[in-house]
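I opened my notebook to look up a few things in this structure. Here is what I wrote down, entry by entry.

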Amino acid sequence: MTVQLTGLHHVRFEARDLDRLEAFATDFGLVTVLREPDRLVMRTRGGDECAYVAARGAVDRFVGLAFAAADRATMDAARARGATDVGQLDLPGSGEAVELIDPDGNSVLLVHGSSRREADEAWAELLLNTPFRKERFGRQQAARDVAPARLWRLGHIGLFVKSFAASAAWYGELLGLIGSDVYHVPGVPQAQIVGFMRLDRGEEWTDHHTLALMQDERGGCHHISFEAQDFEAQQRTHRFLQRQDYEAIWGVGRDPHGSHVFDVWRSPDGARFETFSDTDLLRASDGTRLHDISSVEMDVWSDDEPTRYFI
Ligand SMILES: [Fe+2]
């Protein structure tokens, strides 16, 4: 019996000020599904019933993440590996859930059987005229707004972990995650400290990473990332958020590893929200690339140091 995951299901936080969080997340592009005095549940426009959950808490903190399980057998496989039964998920879309606790104490749910809703309408696809290929004749690019993003799914989450070795082994052995690009201390290949990890989908193509692990004593969540339609959509949402006076952290840029276009913003609880688009796809057989972290460029479009990225 193996654990088969298809993607992320949702993320969970606790926050002191749910009103400010909801206002920011709405401007960022999430849609409120449920707003109770002590709980906020939001979704994307891509068909999920929930993707982001925040409960009122005494401090701002990350609680955990949930993966979508491919089948019922995965739930049984997880139980055989120590997962405890949570029963029916108390969230829109429901489904059954089992829980594991990762080496840093984060709750990791596996969810199966949630209902989905009809996805919203996408923007008209960009039709590009390049020197080599023309796609658009006798018309302008279709109009789009400078507005909150239309987000299509929760794509990945970045975690600060106390020990990269311990967490990468745990997510690898229990949940089958595979390193895509992994980074080591300068000159010491065995001292790995950061890694982009993908799901094991066999010969199916999957995102370059669904989980990013960064060794950092603080623990908790570094960022949550939602898929935007394309870089045009990201640029427009960047402008929209700039006008609201939110704190831009990094982007719009392109990461050479994974190729994704990213744009990262600070949320009122001190976490980071990201849009991404155009990520690489890999199969399980595509292996792991190891890099000296001192040689890594984090944005091919900019020489700026991402000074706020790790604060
Ligand atoms: Fe990211």
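My entries below go through a predicted model, topic by topic.

**Entry 1: aromatic rings**

I searched the whole structure for aromatic pairs and got 13. I picked F24 and F273 to look at: their ring centres are 5.1 Å apart and the planes stand at 85 degrees, so I noted the pair as edge-to-face, a label that needs planes over 60 degrees apart. Where do F24 and F273 sit in the chain? I found F24 in helix α1, residues 18-28, and F273 in strand β17, residues 272-277. The two are 249 residues apart, so to speak, a link between distant parts of the chain.

Next I checked F28 against F273. With centres 5.4 Å apart and planes at 80 degrees, this pair is edge-to-face as well. It also links distant parts of the chain, as F28 lies in helix α1 and F273 in strand β17, 245 residues apart.

Are F28 and F273 buried or exposed? I read a relative accessible area of 1% for F28, so I wrote down buried, which takes a value under 20%. F273 has a relative accessible area of 1% and is buried too. F24 is also buried.

Then I asked which residues form one aromatic cluster with these. My list reads F13, F24, F28, Y52, F62, F226, Y246 and F273.

The charged end of R150 sits over the ring of W123, 3.4 Å from the ring's centre.

**Entry 2: helix α1**

I went back to α1 and looked at its start. There, a side-chain oxygen of D17 comes to within 3.2 Å of the backbone nitrogen of D19. Which residues of α1 are buried? I noted L18, L21, E22, F24, A25, D27 and F28. After the helix comes G29, and its phi is positive, near 135 degrees.

**Entry 3: a hairpin**

I followed the chain on to strand β2 (residues 31-36) and strand β3 (residues 39-43). They pair in the antiparallel sense, over five bridges. How many residues lie between β2 and β3? I found two, and the strands form a hairpin. One bridge I wrote down joins E36 to its partner R39 in β3.

**Entry 4: the iron ion**

What coordinates the iron ion? I listed H156 through NE2, H223 through NE2 and E274 through OE, at 2.1 to 2.2 Å. Along the chain, these donors follow the spacing H-x66-H-x50-E.

**Entry 5: cysteines**

How many disulfides does the structure hold? I found zero. C50 is in no disulfide, and its nearest cysteine sulfur, that of C221, is 16 Å away.

C50 counts as buried at 2% relative accessibility, and C221 counts as buried at 12%.

Conventions:
Residues numbered from 1 in each chain as written. Predicted model: local features only at pLDDT ≥ 70, side-chain atom pairs only at ≥ 80, totals over all residues. Heavy atoms only, no water. Phe/Tyr/Trp six-rings, centres within 6.5 Å; stacked < 30°, edge-to-face > 60°. Helix = DSSP H or I, 4+ residues; strand = E, 2+ residues; numbered from the N terminus. Buried < 20%, exposed > 50% of the residue type's maximum accessible area, 1.4 Å probe, protein only. Lys NZ or Arg CZ within 6 Å of the ring centre and 35° of its normal. Donors = N, O, S within 2.8 Å, 3.2 Å for Na, K, Ca; no water. Pairing = 2+ DSSP bridges. Polar contact = N/O pair within 3.5 Å; in protein donor to acceptor, adjacent residues only side chain to side chain. Disulfide = S-S within 2.5 Å.
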